[in-house]
Amino acid sequence: MSSLKEICAGLPLDPLPPNRGRDPSVPHAPVRTPNLTPAEERLALRNALRYFPPNLHATLAAEFALELRQYGHIYMYRFCPALRMRAYPIDQYPCRTRQAASIMLMIMNNLDPAVAQFPQELVTYGGNGQVFSNWAQFWLVFHYLSTMTEEQTLVMYSGHPLGLFPSLPSSPRCVITNGMVIPNYSSREEYEKRFALGITMYGQMTAGSYCYIGPQGIVHGTMLTVLNAGRRYLGSDDLRGRVFVTSGLGGMSGAQAKAAVIAGCVGVIAEVDETPLKKRHEQGWLMEVTSDLSHCIQRIREARKAKLALSLGYHGNIVDLWECLYQEYKKTGELLVDLGSDQTSLHNPFSGGYYPVQLTCRQADRLMKTDPQRFKTLVHERHVEAINKLSDAGMFFWDYGNAFLLEAQRAGKDIFSLGFGPFRWVCTSGDPADLAETDAIATAVLEEISSTVTERVRQQYSDNIRWIREAGKHKMVVGSQARILYSDQRGRVAIALAINQAIAKGKVSAPVIISRDHHDVSGTDSPFRETSNVYDGSAFCADMAVQNFVGDAFRGATWVALHNGGGVGWGEVINGGFGLVLDGSEEAGQRARLMLNWDVSNGVARRCWSGNTNAYETIQRTMENQRQLRVTMPNPVQEEHILDHALQG
């Protein structure tokens with residue numbers, strides 16, 4: 001087994017590590033189908049070999065070519081480290097700066113087999129959310145980080161470390177871009193080719209920015225989505241005895257089981273692949289598992305009647321379950337499902353994100369490669385029809401791609417315009433006691449603020465206090481000692497400063513990394529999801545996400561990232577994120593205050609200018625509290641007949 005010191009020594013070239021190939025004990029990414037021409041295959045091979053000295057090209061060329069043809073990409077399996085990937089305590093990383101060690105910790109967490117969906121393919125979640133494109137990049141990044149000083153910045157081009165460049169101590173230690181393709185060439189087909197060539201990468205949201213914290217990262221958002229769906233569709237957030245049926249237990253979708261139980265309902269989650277289903281059961285995220293539809297229906301009835309909070313994993317295709325529920329309704333007149341959704345990787349439907357009901361997992365994997373057109377045809381059969389029948393019978397269904405913002409908005413809680421979004425932190429000591437302390441800090445901060453907020457945001461504070469009080473007992477930590485909650489600008493700044501103070505006083509034993517999901521107030525321009533409540537026609541513009549990335553960088557972030565794709569697919573969204581290390585210093589507090597205020601106000605100001613009344617009120621209050629903040633406020637047209645008259649003339 002290699003050590004952290006060896007991992008930081010650079011690419012192991014003399015001798016080369018043995019080529020052990022793919023590890024059969026871990027799940028693997030579906031075979032990609034880039035459809036390269038012979039000239040493009042040659043270019044892909046040439047691009048991969050440039051990481052190695054010429055004397056090794058003859059040895060490596062043949063195995064890289066085989067990988068390309070077998071798997072559709074050159075992952076360089078030979079260089080997959082023997083060291084167990086996990087978030088080691090920060091003091092164990094052989095680095096010259098704590099900032100670099102923090103980045104290492106987060107990268108290793110993203111590749112931890114307990115966290116990552118396909119660890120050997122460097123995929124963290126979402127079927128194709130890469131940390132790096134190949135293992136050579138991993139070794140080079142760790143070498144650079146281990147030697148980095150506070151006057152250098154590591155520049156990352158879609159997984160490729162361009163190098164260490166001189167910078168200021170106040171600069172980010174790492175700047176990441178993923179998938180920055182000229183817009184006219186940002187199609188799914190072009191992506192498959194360019195990824196196979198090793199020249200770009202799909203970082204999802206927090207995979208390529210090194211900020212994923214396991215399925216807990218979306219548990220909270222999913223819980224709030226279910227609660228808001230209950231408020232909207234069922235007239236109550238008391239979901240005892242209510243049944244929520246959905247699908248997906250792989251990466252982020254693994255959150256659904258925990259979220260259902262915390263929300264108090266009966267959660268039934270279908271998963272076609274037995275490996276993630278077993279993984280979630282062993283981790284305690286799923287309470288029960290069955291592959292028998294009759295038993296599944298029986299347990300739904302029992303739990304519904306007893307008003308149990310239950311997470312039940314069904315090993316099978318969600319379409320079979322939908323159709324069975326409809327047949328039960330036709331036979332008995334009893335509708336056994338109240339709420340329905342889907343959290344499979346439908347941004348990636350033809351490369352492993354979706355499995356047609358007509359095929360087993362193995363058959364589907366094979367057909368994806370041998371007859372992709374036939375596979376695409378099967379994807380579109382039966383599913384929607386089954387959902388429509390249940391919806392007509394009274395089930396309320398939503399698409400999770402839009403759900404959090406959309407359902408919250410429908411429930412009267414337009415959260416992004418109020419500045420609320422997914423704030424998170426990681427305790428770098430790896431000590432659960434530090435996480436418990438930060439939970440207590442966050443609870444106290446939110447309780448203090450909640451007594452002074454307006455009625456409009458009080459429900460959000462109440463939901464988040466409920467969440468953070470119960471988070472520890474639900475044992476949601478997978479990988480790093482991390483926590484997430486939804487907070488507004490005031491709450492985020494106050495929590496960060498309170499945690500920084502606790503580090504300074506020794507109440508928290510090591511630095512804490514603060515971050516957020518890219519799916520947030522300012523981090524993402526996505527016209528059918530995060531910016532679907534932008535009303536002036538600018539929902540398809542990406543200035544906000546790009547400005548956020550730049551603004552976070554010079555206001556104190558330890559690292560920043562900007563991505564094409566994430567959540568809804570390549571070419572459909574621009575999004576960015578950050579990591580910021582709190583070490584108890586006064587400087588860290590100043591960075592957090594400056595950066596977090598900008599990181600929220602940017603998006604609220606943009607929504608205000610677009611005509612969102614909630615955002616108008618929110619940014620107005622923020623300006624009253626921050627004298628240096630001055631935002632251009634809109635003057636809405638109040639009399640529509642003026643427009644009519646002008647246009648008729």
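The domain assignment of the protein divides the chain into domain 1 (4-197), domain 2 (215-399) and domain 3 (416-521 + 584-625), and the model to which this assignment is applied here is a predicted one. The centres of domain 2 and domain 3, taken over C-alpha atoms, are separated by 31 Å, and contact between the two involves 16 residues of domain 2 and 17 residues of domain 3. About 1,500 Å² is buried between domain 2 and domain 3, with 57% of this area on carbon and sulfur atoms. On the side of domain 2, Gln216, His220 and Ile262 account for 42% of the area buried against domain 3, which is more than any other three residues supply. One salt bridge is found across the interface of domain 2 and domain 3. A salt bridge is also identified between the side chains of arginine 231 and aspartate 463, with an N to O distance of 2.9 Å.

In the whole structure, the search returns 32 salt bridges. Glutamate 190 and arginine 194 form a salt bridge through their side chains at 2.7 Å, N to O; because these residues are four apart in helix H6 (residues 188-196), about one helical turn separates them. Glutamate 190 counts as partly exposed at 27% relative accessibility, and arginine 194 is likewise partly exposed, with a relative accessible area of 24%. Glutamate 617 and arginine 456 also form a salt bridge, in which the closest N and O atoms are 3.2 Å apart. Since glutamate 617 belongs to helix H21 (residues 613-625) and arginine 456 to helix H17 (residues 455-471), this pair ties together parts that lie 161 residues apart in sequence. Relative accessibility is 31% for glutamate 617, which counts as partly exposed, and 37% for arginine 456, which also counts as partly exposed.

In the salt bridge of glutamate 530 with arginine 529, the closest N and O atoms are 3.0 Å apart. Here glutamate 530 is buried, with a relative accessible area of 0%, and arginine 529 is buried with a value of 11%. A network of salt bridges links Arg301, Arg304, Glu328, Lys331 and Glu334.

Several individual positions were also examined. Aspartate 112, located in the loop between helix H4 (98-110) and strand E1 (123-125), counts as buried at 4% relative accessibility. When residues up to four places away in sequence are not counted, aspartate 112 touches Arg84, Met85, Arg86 and Gly479. The C-alpha atom of aspartate 112 is separated by 24 Å from that of asparagine 575, a residue 463 positions away along the chain.

Glutamine 137, which is placed in helix H5 (residues 135-147), is buried with a relative accessible area of 0%. Apart from neighbours within four places in sequence, glutamine 137 is in contact with Tyr51, Phe132, Gly159, His160 and Pro161. Threonine 443, in helix H16 (residues 432-450), is buried with a relative accessible area of 12%, and its contacts, with neighbours within four places in sequence again left aside, are Ile468 and Arg469.

Technical notes:
Residues are numbered from 1 along each chain as its sequence is written. This is a predicted model: local features need pLDDT of at least 70, side-chain atom pairs count only at pLDDT 80 or more; totals for chains, interfaces and linings use all residues. Side-chain values use heavy atoms; hydrogens and water are left out. Helices (H or I, at least four residues) and strands (E, at least two) are DSSP runs, numbered from the N terminus. Buried means under 20% relative accessible area, exposed over 50%, partly exposed in between (1.4 Å probe, protein chains only). Contact means heavy atoms within 4.5 Å. Domain bounds come from an automatic or database domain assignment. Buried area is the accessible area (1.4 Å probe) that two parts lose on being put together, summed over both. A salt bridge is a side-chain nitrogen of Lys or Arg within 4 Å of a carboxyl oxygen of Asp or Glu.
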